[in-house]
Amino acid sequence: MGVLAGKTALVFGVANKRSIAWGIVEALLREGATVGLSYAGEVLEKRVLPLAEEVGIDFVEQCDVTSDEQIAATFAKAQAKFGTIDILVHSVAYAPGEDLGGRFRDVSRDGFKMALDISAYSLIPLARHAAEIMPDGGSIMALSYYAAEKVVPRYNVMAVAKAALENIVRYLAADLGPQGIRVNALSPGPIKTLAAAGVPGFRMMLKYSEKVTPLRSQVTQEDVGNVAVFLASDWGRQVTGETVYIDGGYHILGLTMTEEDLES
Ligand code: NAD
């Protein structure tokens, strides 16, 4: 029997098979959880519905996280379907293309608002609604990135959104802790996905981090899924308010040069 048998998860952010959220869904299902999905727009319906069908998921709801009405409706449907839930996954981010790359000083006010609204603020209403149907406590996870802490070229406004997201995670952890609800951020190294393709030069970043990261590895969706299982399960029951890195150790580096670089 899987470690998540008897638990129910609601996952926001599956766009396609490459999505980090999909890696998490597969890991949650493997460990015996019941999973419901929410996706962003009609364009994605064609991709997400067949995927859900493949793995036997029969709760798939469209929800744009900029809409309070759609969020409320999605959770009302989740409550009608599942009664209660134990796990919430927020794997959602967006910034206008013109505000990624380019000069940081040129980030637009509208781009800033949109990136922060979708990629950071949205965790708050999702967590509030989730908490209402988590009477036995639960585990909430959001996807972040190291650019929240240190400057990574071209992440610009998305880096600012991730910094906000990680602080929201800490405030939610303090707010919801007394209800037995844990809130954590997962911070994976670069993975090739639809969202990542929006960052100019992402391929080079992927290659570079594989070269210098202590484990000399590329992170996979499955790697993220496995850490999500740990945090969703009772094994992670004393872990909250954390940013958990799944990056082959990249974040411990002070200078990203290898021994080989120094010798050459
Ligand atoms: P992805 O494109 O597969 O997922 C992003 C999701 O956000 C999509 O499903 C998209 O539909 C959804 N989304 C965007 N706007 C939305 C809205 N208004 N309402 C609801 N959903 C909306 O890409 P991904 O790389 O799997 O991204 C998932 C998360 O992982 C993001 O938070 C991203 O920043 C984070 N992350 C990605 C990487 C990476 O290298 N790919 C690394 C660290 C963190």
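How many helices and strands are there in the protein? The protein contains 9 helices and 7 strands, where helices (H or I, at least four residues) and strands (E, at least two) are DSSP runs numbered from the N terminus. The model is a predicted one, in which local features need pLDDT of at least 70 and side-chain atom pairs count only at pLDDT 80 or more, while totals for chains, interfaces and linings use all residues. Residues are numbered from 1 along each chain as its sequence is written, and side-chain values use heavy atoms, with hydrogens and water left out.

The overall dimensions were computed from the C-alpha atoms. Along the principal axes, these atoms fill a box of roughly 60 × 40 × 40 Å. The radius of gyration, taken over C-alpha atoms, was set against a globule rule of 2.2 Å times the number of residues to the power 0.38. For 264 residues a compact globule would have a value near 18 Å, and the protein agrees with this at 18 Å. Of the 264 residues, 52% count as buried. Buried means under 20% relative accessible area, exposed means over 50%, and partly exposed lies in between (1.4 Å probe, protein chains only).

Helix α1 (residues 20-30) is largely enclosed by the rest of the structure, because 8 of its 11 residues are buried. The buried residues of α1 are I20, A21, W22, G23, I24, V25, A27 and L28. Just after α1, G32 takes a positive phi of about 95°. The C-alpha atoms of M141 and I57 are separated by 20 Å, the two residues being 84 residues apart along the chain. V239 is placed in the loop between α8 (221-232) and β7 (243-246) and is partly exposed, with a relative accessible area of 22%. Between V239 and G13, which are 226 residues apart along the chain, the C-alpha separation is 23 Å.

Salt bridges were then examined. A salt bridge is a side-chain nitrogen of Lys or Arg within 4 Å of a carboxyl oxygen of Asp or Glu. By this rule the count comes to 8 salt bridges. In one of them, D234 pairs with K7, the closest N and O atoms being 3.6 Å apart. D234 lies in the loop between α8 and β7 and K7 in the segment before β1 (8-12), so the pair ties together parts that are 227 residues apart in sequence. D234 is partly exposed at 48% relative accessibility, whereas K7 is buried at 17%.

The side chains of K81 and D58 also meet in a salt bridge, at 3.2 Å from N to O. This pair links distant parts of the chain, with K81 in helix α3 (residues 68-82) and D58 in the loop between α2 (42-54) and β3 (60-62), 23 residues apart. K81 is partly exposed, with a relative accessible area of 41%, and D58 is exposed, with 61%.

Another salt bridge is formed by the side chains of D261 and K211 (3.1 Å, N to O). Because D261 lies in helix α9 and K211 in helix α7, the pair ties together parts that are 50 residues apart in sequence. Both partners carry an intermediate accessibility: D261 counts as partly exposed at 22%, and K211 as partly exposed at 42%.

Surface patches were also assigned. Patches are made of residues with over 30% relative accessible area and no salt bridge, like charges being joined within 9 Å and nonpolar side chains (Val, Leu, Ile, Met, Phe, Trp, Tyr) within 5 Å. Accessible areas come from the Shrake-Rupley method with a 1.4 Å probe, and for residues only the protein chains shown count as cover. Lys and Arg count as positive and Asp and Glu as negative, with His and the chain ends not counted. The place of a charge is taken as NZ of Lys, CZ of Arg, CG of Asp or CD of Glu.

A positive surface patch is formed by R18, K192, R203 and K207. Of these residues, K207 lies in helix α7 (residues 202-212) and counts as exposed at 65% relative accessibility. A nonpolar surface patch consists of L255, M257 and L262, which together have about 330 Å² of accessible area. L262 is found in helix α9 (residues 259-263) and counts as exposed at 56% relative accessibility.
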